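Me: I would like to learn how to read salt bridges in a protein model. Can you take me through one?

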Amino acid sequence: MTTIAEITKTVIDHRFELARLGQGSRATVLVSQRRARPIVAAIGTMQVNRITRSALEIYCAQRAAAGIAHTTVNQEMSFLQTVLRSAQADGVPVSLTSTPRLKVEAIEKPIPMANAVAKVLELLPAHHADAMRFMATTGISPHELERVAPCDISSQGLHIGQRGGFKVKVAARRRIVPLNKQAREIAVRAMTGRKPEEPMFPRRGATAKALSLVQAREGERISPKTMRSLFASMVAMTEPEHILQPLLGHSPGSPTTRRHYTRSNLASLGQAVSGIAL
């Protein structure tokens with residue numbers, strides 16, 4: 001009978017082939033492949049017609065006990081559910097087509113104060129600090145940043161996903177982000193001496209490593225992705241959601257914007273209540 005490892009490989013291979021033919025993003029398939037690895041390692045030999053919900057619940061509990069975020073475990077279960085339903089659609093007998101989920105507390109983690117972030121950036125090497133500030137002033141994600149090249153910059157702004165060498169996950173991610181004064185100054189520095197399609201900024205892993213070195217001396221913990229949340233939260237203080245969503249590359253009405261990117265901090269909460277009196 002078919003095992004979880006075998007059907008997972010079939011699904012991943014199929015998605016890679018679709019991406020090669022232009023029907024999907026290779027980056028998205030790589031994310032699926034990453035989610036599949038711990039599943040295959042832990043329960044890959046299990047036959048798909050003998051999967052039990054209790055076995056999957058134990059898998060989830062073991063991952064959580066190992067310190068893996070509940071949201072990450074749920075993403076893995078969501079991928080496994082897709083794999084099982086794909087197998088069923090192809091006529092493979094499966095014993096389960098829905099997977100368990102771990103509870104995720106709906107607690108908002110506040111964004112760092114802008115001055116605290118600036119203090120950390122001052123300690124970074126200049127090219128890494130520029131990369132972080134460029135994300136904070138444009139709202140682009142770390143994986144988008146490492147694809148930005150001089151040919152993506154125009155008088156209109158930053159063109160995301162507008163060329164063959166700059167693929168995006170979904171159509172909504174194709175956008176033009178206006179560049180303010182600081183963002184344009186950073187872009188000019190970063191593109192100097194580079195070829196039209198040569199990446200302008202460091203790889204996200206290199207910037208994350210540089211951050212980990214300087215943050216050992218600072219209390220504030222930030223990551224490259226923090227900059228996107230900081231941008232979204234600052235824009236959301238003054239602009240409605242229908243302005244913010246196209247800047248982030250989110251579809252109109254997407255709940256992702258509020259759920260994952262807009263956050264409050266003590267200063268914004270204080271400003272919100274400052275004018276209230278009886």
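Me: Is Arg20 buried or exposed?

Reply: Start with the cut-offs. Buried means under 20% relative accessible area, exposed means over 50%, and partly exposed lies in between (1.4 Å probe, protein chains only). Arg20 has 58% relative accessibility, so Arg20 counts as exposed. A word on the source: this is a predicted model, where local features need pLDDT of at least 70, side-chain atom pairs count only at pLDDT 80 or more, and totals for chains, interfaces and linings use all residues. Residues are numbered from 1 along each chain as its sequence is written, and side-chain values use heavy atoms, with hydrogens and water left out.

Me: Which residue forms a salt bridge with Arg20?

Reply: The general idea comes first. Side chains of opposite charge can pair when their charged atoms come close. A salt bridge is a side-chain nitrogen of Lys or Arg within 4 Å of a carboxyl oxygen of Asp or Glu. Here the partner of Arg20 is Glu17, and their closest N and O atoms are 2.6 Å apart. Glu17 is partly exposed, at 35% relative accessible area.

Me: Where do Arg20 and Glu17 lie?

Reply: Both lie in helix H1 (residues 4-20). They are 3 residues apart, about one turn of the helix. Helices (H or I, at least four residues) and strands (E, at least two) are DSSP runs, numbered from the N terminus. The protein chain has 13 helices and 2 strands.

Me: Which residues pair in helix H8?

Reply: Lys181 and Glu185 both lie there, 4 residues apart, again about one turn of the helix. Their side chains form a salt bridge at 2.6 Å, N to O. Lys181 is exposed at 65%, while Glu185 is partly exposed at 37%. Elsewhere, salt bridges with shared partners join Glu144, Arg173 and Arg175 into one network.

Me: What does the side chain of Glu146 meet in a salt bridge?

Reply: Glu146 meets Arg203, at 3.8 Å from N to O. This pair links distant parts of the chain, 57 residues apart. Glu146 sits in the loop between helix H7 (142-145) and strand S1 (158-160). Arg203 sits in the loop between helix H8 (181-191) and helix H9 (204-214). Glu146 is buried, at 8% relative accessibility. Arg203 is exposed, at 58%.

Me: How many salt bridges does the structure hold?

Reply: The structure holds 12.

Me: What share of the protein chain is buried?

Reply: Of its 278 residues, 42% are buried.
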